[in-house]
Amino acid sequence: FRCPATIYMLRDKQPDIFGLQEAYDYQVLFIRENMLDYKSVGVGREDGKHKGEHMSIFYNKKKISLLKWGTFWLSETPEKPSMGWDAACFRTATWALMKDKRSGHKFYYVNTHLDHVGKTAQREGLALIVERIRAINPDGYPMVLTGDFNVESSDPVLTDLNKMMKDARVTAERTDSLNSFNGWGKSSSVIDYIYYSGFSSCPKFETVQKKYGDFPFISDHYPVRAVLIF
C-alpha cells in the first residue's frame, strides 16, 4: 500500500545516491521500474543472489558512474553467506567505488544494517566494516557510510567509528535530532546514520518526516538525508 509514497519521496528529494535496508527483490525492482534514471547494486543476504533482504545501493546514472562494487557478510566468514557471532539474522554490507560525473571526484559508499539483537554482532560487525573501509580505500577517497545501526548515538558500539568518520547528524551546518525509527507510530528512537569522511563540508542533514500522498509512513523508519560537498 505504501509503494507510491516511496516513489513520491524519491522524486521529491532526487538523491544522487541512496541506500536501502531490508529490501526484497520485488521492492528493488519496483523502485528501478519507477525511477528510470537510477541503477542499483546489491544481493540477497541469505544466498548472495536473490534470497532475503538486500542492502542495495542506488545511484543516478546521469550524475554518478559505478566503477566497482561488492558485498561482504558481517560474520567470521565475510566472503560467503553466513551469520556472525550472536546475531539473530544474516547481515551484510554493500560497498561501491563511484565517480561524480560533474566534478570527476571518486568516492566510496558503504551501506549496511547491523543486527538488532546481538551486541557482539553489532560491535564486531561494525569493527569489520571499519577494517574493510581502511582496506578498500588506500588512496583515501572520500567515504560515505549509511545504515540502520540499531543503536543510539551514545552506544559504545560507535566509539571506533566516531574516531575515523563524522556523523552527519552531529556535524551538519543545518540539522535535526528527530527520531528515525517510528515503528509505524509506536516507537521513537534515533538509530539510522549517515557517516562520512574526506568531504570538505556537510551543509545539511535531515530526517524526512514529510508525508507523501495519503500515506502516514513510507516505512517503519524515516529516511535520513545529507548533503556532502567535495
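How many residues does helix α3 have, and how far does it reach from its first C-alpha to its last?

Before selecting anything, keep in mind that this is a predicted model, in which local features need pLDDT of at least 70 and side-chain atom pairs count only at pLDDT 80 or more, while totals for chains, interfaces and linings use all residues. Residues are numbered from 1 along each chain as its sequence is written, and side-chain values use heavy atoms, with hydrogens and water left out.

**Stop 1: helix α3**

Select residues 119-136, which form helix α3; helices (H or I, at least four residues) and strands (E, at least two) are DSSP runs, numbered from the N terminus. Helix α3 has 18 residues and reaches 26 Å from its first C-alpha to its last, close to the 26 Å expected at 1.5 Å a residue, where the expected span is 1.5 Å times one less than the number of residues. Now colour its buried residues, among them A121, L128 and R132; buried means under 20% relative accessible area, exposed over 50%, and partly exposed in between (1.4 Å probe, protein chains only).

**Stop 2: charges over rings**

A charge sits over a ring if NZ of Lys or CZ of Arg is within 6 Å of the ring centre and within 35 degrees of the ring normal. Next select R169 with Y193, where R169 lies over the face of the ring at 5.4 Å from the ring centre.

**Stop 3: aromatic pairs**

The structure holds 13 aromatic pairs, counted when ring centres of Phe, Tyr and Trp (its six-membered ring) lie within 6.5 Å, with planes under 30 degrees apart called stacked, over 60 edge-to-face and the rest tilted. Select W95 and Y108, whose ring centres are 6.2 Å apart with planes at 50°, so the pair is tilted. This pair links W95 in strand β5 (residues 92-100) to Y108 in strand β6 (residues 106-113), 13 residues apart, and both W95 and Y108 are buried. Then move to F149 and Y193, whose ring centres are 5.1 Å apart with planes at 20°, so this pair is stacked. F149 is in the loop between β7 (143-148) and α4 (159-164), whereas Y193 is in strand β9 (residues 192-197), 44 residues apart, and F149 and Y193 are buried. To end this stop, select F107, Y196, F199 and F230, which ring pairs link into a cluster.

**Stop 4: a sheet of three strands**

Show the open sheet with the order β1-β3-β2 and antiparallel pairing; two strands pair if DSSP finds at least two bridges between them. Strands β1 (17-19) and β2 (38-41) stand at the edges with a single partner strand each, so one side of each is left without a neighbour in the sheet. Between β1 and β3 (residues 57-60) there are three bridges, and I17 stands opposite Y59 in β3.

**Stop 5: two positive phi values**

Most residues other than glycine have a negative phi. Q14, however, has a positive phi of about 50° although it is not a glycine, and it lies in the loop between α1 (3-13) and β1. W184 has a positive phi of about 60°, and its place is in the loop between α5 (168-171) and β9. At 38% relative accessibility, Q14 counts as partly exposed, and W184, at 41%, also counts as partly exposed.
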